[in-house]
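Subject: Handover of a structure

Dear colleague,

Please find below the structure that I am passing on to you. A short account of the findings follows it.

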Amino acid sequence: MAQKLIWKVTVTGKKSSGKSSIVSEAVYSTATPVNSKGFIRKKVNIDFMSNDYEIDLLFLEMPYETLNEKFLSKSTFVLLIVDITDMGSLLDADKFLEQYNDEMEIFIIATKADMRYTSQFWEPEISKLAERYGVVYFIYSNRDDFSSILKEILGYTLAKIYNPGK
């Protein structure tokens, strides 16, 4: 019998960084942004350490500029979106991580990888930021399948919850 969980996932980042596209990819497997106010639900079944989990992911998109600490604090994890074509999004991510990294599980998603030719930063800068704060990052293009990234994030989160010392 599967263990049932409900996790709140906050998706944040600078305006136009790709937050809506990430939520649409995660929930509907399409890069076409879905305009939504409030939570968007995605049911996921995952096997972790020989146990089955049925997880209701409740995605909430919250722009960095309008962060609500009350909602943020109740998140199981945060997807911090950075746009490789906007150096300001990397600087905002640095501020966000400095402020919140000790309080919650955060994953960096670098978007618009298909626009590398116009990037203002790339993997060395993302890697350095992730290493400084001890977070995991992913580089994503909307031409890629987001479900594999989401599955990896869920695995990291389950490991952190059920093996906190590791």
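What covers the buried residues of helix H1? The cover includes strands E1 (3–13), E2 (40–48), E3 (51–63) and E4 (77–83), strand E5, and helix H5 (146–162).

Some conventions first. This is a predicted model, in which local features need pLDDT of at least 70 and side-chain atom pairs count only at pLDDT 80 or more, while totals for chains, interfaces and linings use all residues. Residues are numbered from 1 along each chain as its sequence is written, and side-chain values use heavy atoms, with hydrogens and water left out. Helices (H or I, at least four residues) and strands (E, at least two) are DSSP runs numbered from the N terminus. Buried means under 20% relative accessible area, exposed over 50% and partly exposed in between (1.4 Å probe, protein chains only); contact means heavy atoms within 4.5 Å.

Helix H1 spans residues 19–28, and eight of its 10 residues are buried, among them Ile22, Val23 and Val27. Just after H1, Ser29 has a positive phi of about 60°.

The sheet is open and has six strands in the order E2-E3-E1-E4-E5-E6, with mixed pairing; two strands pair if DSSP finds at least two bridges between them. E2 and E6 (136–139) are at the edges with a single partner strand each, so one side of each has no neighbour in the sheet. E4 and E5 pair in the parallel sense over seven bridges. H1 packs on the sheet, touching E1, E2, E3, E4 and E5, and its direction makes about 155° with that of E3. Such axes are lines fitted to C-alpha atoms, for helices over the stretch in contact, and angles run from 0 to 180 degrees between N-to-C directions.

Thr111 lies in E5 (residues 105–111) and counts as buried because its relative accessibility is 5%. Asp83 stands opposite Thr111. Leaving out residues up to four places away in sequence, Thr111 touches Ser17, Ile22, Ile81, Val82, Asp83, Ile84 and Tyr140.

A nonpolar core is a set of buried Ala, Val, Leu, Ile, Met, Phe, Trp, Tyr and Cys residues joined through side-chain atoms within 4.5 Å. The largest one has 29 residues, and Leu57, Phe59, Leu79 and Ile109 have the most contacts inside it. H5 gives the largest share of this core, six residues.

Yours sincerely
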